[in-house]
Amino acid sequence: MALSDYVIIVDGNPLRVISITNAAKNLNETDEEALNRIAAENNGTVMPNTAETFWISKNYRHAWKFNKVNKKIEVDIDVIKQSKMSDVRNIRNAKLTNLDVPFMRALETDDSKKINEIKVKKQKLRDLPISVEDRLNTIIASRKPIQTKIQEIENLPIPELEESF
């Protein structure tokens with residue numbers, strides 16, 4: 001048994017086991033004994049560290065939920081959706097803020113054309129979360145495997161955020 005072949009799940013989350021080999025040597029245990037001891041000390045479960053178990057991006061470990069019945073990690077897709085929405089809102093908010101100074105300058109100079117351009121850009125940005133959420137809901141509602149859904153969410157093109165404002 002190689003330690004990298006197993007992981008300990010505590011409260012639905014993988015437990016980092018740092019230098020377990022040293023811990024095993026210090027207590028005259030095998031790696032397997034040390035792994036089981038650490039799991040027991042933390043009320044955890046030892047699971048195989050397989051591609052099926054840990055295919056999900058590390059960016060979304062907070063969405064992992066341990067199913068104690070079937071002893072598998074499941075993914076809460078709604079947590080991933082909310083994480084993506086939060087990222088979109090943060091970028092959107094920064095872009096809205098960056099438009100404030102040009103808008104004030106346009107107001108000072110009475111540049112109605114520039115004022116209207118910025119108003120349109122700001123409205124597009126304000127409407128963006130609804131648009132993105134609709135796209136995410138379409139992905140989630142599809143009959144695709146969860147791995148595919150997560151990859152599509154991660155790689156969702158949002159051209160509105162790519163536009164220079």
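Student: Which residue just after H2 takes a positive phi?
Tutor: Asn43 does, with a phi of about 50°. A caution on the source: this is a predicted model, where local features need pLDDT of at least 70, side-chain atom pairs count only at pLDDT 80 or more, and totals for chains, interfaces and linings use all residues. Residues are numbered from 1 along each chain as its sequence is written, and side-chain values use heavy atoms, with hydrogens and water left out.

Student: OK. How many helices and strands does the protein have?
Tutor: There are six helices and five strands. Helices (H or I, at least four residues) and strands (E, at least two) are DSSP runs, numbered from the N terminus.

Student: What pattern do they follow along the sequence?
Tutor: The pattern reads β-β-α-α-β-β-β-α-α-α-α.

Student: Back to H2. Which of its residues are buried?
Tutor: In H2, which spans residues 31–41, the buried residues are Ala34, Leu35, Ile38 and Ala39. Buried means under 20% relative accessible area, exposed over 50%, and partly exposed in between (1.4 Å probe, protein chains only).

Student: Why are they on the same side of H2?
Tutor: Because they cover an arc of only 135° around the axis. The arc is that of the directions from the helix axis to the C-beta atoms.

Student: And what does the face turned away carry?
Tutor: The exposed residues Ala40 and Glu41.

Student: What about H5, which residues are buried there?
Tutor: Helix H5, residues 146–154, has Lys149, Ile150 and Ile153 buried. Those residues are on the same side of H5, because their arc around the axis is only 95°.

Student: How much of the protein is buried overall?
Tutor: Of the 165 residues, 33% are buried.

Student: New topic. At what angle do H3 and H4 pack?
Tutor: At about 175°, with the axes of H3 (residues 77–108) and H4 (residues 112–141) 9 Å apart. Axes are lines fitted to C-alpha atoms, for helices over the stretch in contact, and angles run from 0 to 180 degrees between N-to-C directions. So H3 is roughly antiparallel to H4; angles over 145 degrees count as that, under 35 as roughly parallel, 65 to 115 as roughly perpendicular and the rest as oblique.

Student: What residues make up that contact?
Tutor: The contact of H3 with H4 has 17 nonpolar residues, one polar and 12 charged. Ala, Val, Leu, Ile, Met, Phe, Trp, Tyr, Cys and Pro count as nonpolar, Asp, Glu, Lys and Arg as charged, and the others, Gly among them, as polar.

Student: How many salt bridges are there?
Tutor: The count is four, a salt bridge being a side-chain nitrogen of Lys or Arg within 4 Å of a carboxyl oxygen of Asp or Glu. One of them joins Glu133 and Lys81, whose closest N and O atoms are 3.3 Å apart. Glu133 lies in helix H4 and Lys81 in helix H3, 52 residues apart.

Student: Is Lys81 buried or exposed?
Tutor: Lys81 is buried, at 9% relative accessibility, while Glu133 is partly exposed at 28%.

Student: Which residue does Arg135 pair with?
Tutor: Arg135 forms a salt bridge with Glu160, with 3.2 Å between the closest N and O atoms. That pair links helix H4 to helix H6 (residues 159–162), 25 residues apart.

Student: And what does Glu152 pair with?
Tutor: Its partner is Lys144, with the closest N and O atoms 2.7 Å apart. Glu152 is partly exposed at 25% relative accessibility, and Lys144 is partly exposed at 38%.
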